[in-house]
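I opened my notebook to look up a few things in this structure. Here are my entries, in order.

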Amino acid sequence: MTAMKKYLRLARTDILYMLVWQVGFYLFGMTMVLIINRFVNDDPDYACMGSFFALLGTIVGLTVRGNNTGHVRLRLAVTMGMTRRSFLICEPLITAVDVAVALVFARVLYGLELALYQWLYPDFANQIALDVFFRWQVLVIVGICAVVASLFFTMLLQRGGMKGFGVLWLVLCAACMVLPQAVSAYRDGAGSILAAIGGWIYHVVAAVPPAAWGAVGAAVVLAMAVASVLGLRRVEVRM
């Protein structure tokens with residue numbers, strides 16, 4: 001219990017680091033909107049890029065809370081005498097609290113950004129409205145996924161090191177960039193291999209009902225959670 005109290009005391013500043021990341025990304029996004037609408041955009045619209053970037057800042061802040069990644073926090077916990085089992089209880093709870101506070105703060109920032117743009121651009125249309133994202137049902141799902149993803153990447157870093165984590169990160173980034181372009185190429189009627197891949201993705205997504213995709217997503221999150229627990233329960237911690 002003493003080790004757990006020490007770890008909780010160490011983690012109490014994590015949320016402050018996350019909020020700093022959020023504010024930094026938020027101000028960057030809002031600055032972009034103001035510059036673009038002043039010098040580039042001729043259309044009567046705007047986008048809540050500040051709030052969107054604040055959500056991205058939440059991801060960054062969640063990854064490097066307290067200036068420590070997950071596998072570093074595991075090392076610190078073991079060094080202080082905490083068992084891996086205790087870490088697997090404490091870490092998700094701390095992450096859940098951090099994510100909850102960060103999402104509430106992001107909602108406050110979104111309200112402030114909307115108020116500012118409605119004052120600056122009263123007759124403009126909002127092209128990126130985040131109201132749907134901030135519904136409580138969506139936030140609960142996002143929170144659960146964030147907690148599981150944080151623990152999963154901690155396991156990957158601890159077992160595979162930065163190389164293994166980097167490979168997976170590159171694959172995910174490549175998929176996020178290539179797959180939308182593939183679908184766009186298919187819709188444009190291109191005859192390339194990329195368009196063929198996009199056509200396959202388009203038809204698969206259209207053929208599977210939303211409820212089935214929800215079940216697939218839940219199964220993936222559950223598999224990640226189980227893999228994280230099994231991977232961290234007996235993992236060797238190198239000091």
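Where does Leu-194 lie? I looked it up: Leu-194 is part of helix H7. I kept in mind that this is a predicted model.

Buried needs a value under 20%, and exposed needs one over 50%.

I found Leu-194 in a nonpolar patch with Met-177, Val-178, Leu-179, Ile-193 and Ile-197. Together these residues have about 540 Å² of accessible area. I also checked which elements give two or more residues to the patch. They are helix H6 (136–187) and helix H7 (193–207).

I stayed in helix H7 for Gly-199, which has its place there. Is Gly-199 buried or exposed? Its relative accessibility is 5%, so I noted Gly-199 as buried. I then took the C-alpha atoms of Gly-199 and Ala-182. They are separated by 7.7 Å, while the two residues sit 17 residues apart along the chain.

My last entry is on cysteines. A disulfide is a covalent bond between the sulfur atoms of two cysteines. How many disulfides does a search of the whole structure find? I got 0. I still checked two cysteines for accessibility. Cys-90 has 4% relative accessibility, so I wrote it down as buried. Cys-145 has 34%, so Cys-145 counts as partly exposed.

Key. Residues numbered from 1 in each chain as written. Predicted model: local features only at pLDDT ≥ 70, side-chain atom pairs only at ≥ 80, totals over all residues. Heavy atoms only, no water. Patch = residues over 30% accessible without salt bridge, like charges linked within 9 Å, V, L, I, M, F, W, Y side chains within 5 Å. Areas by Shrake-Rupley, 256 points an atom, 1.4 Å probe, with all protein chains shown as cover. Salt bridge = Lys/Arg side-chain N within 4 Å of Asp/Glu carboxyl O. Helix = DSSP H or I, 4+ residues; strand = E, 2+ residues; numbered from the N terminus. Disulfide = S-S within 2.5 Å. Buried < 20%, exposed > 50% of the residue type's maximum accessible area, 1.4 Å probe, protein only.
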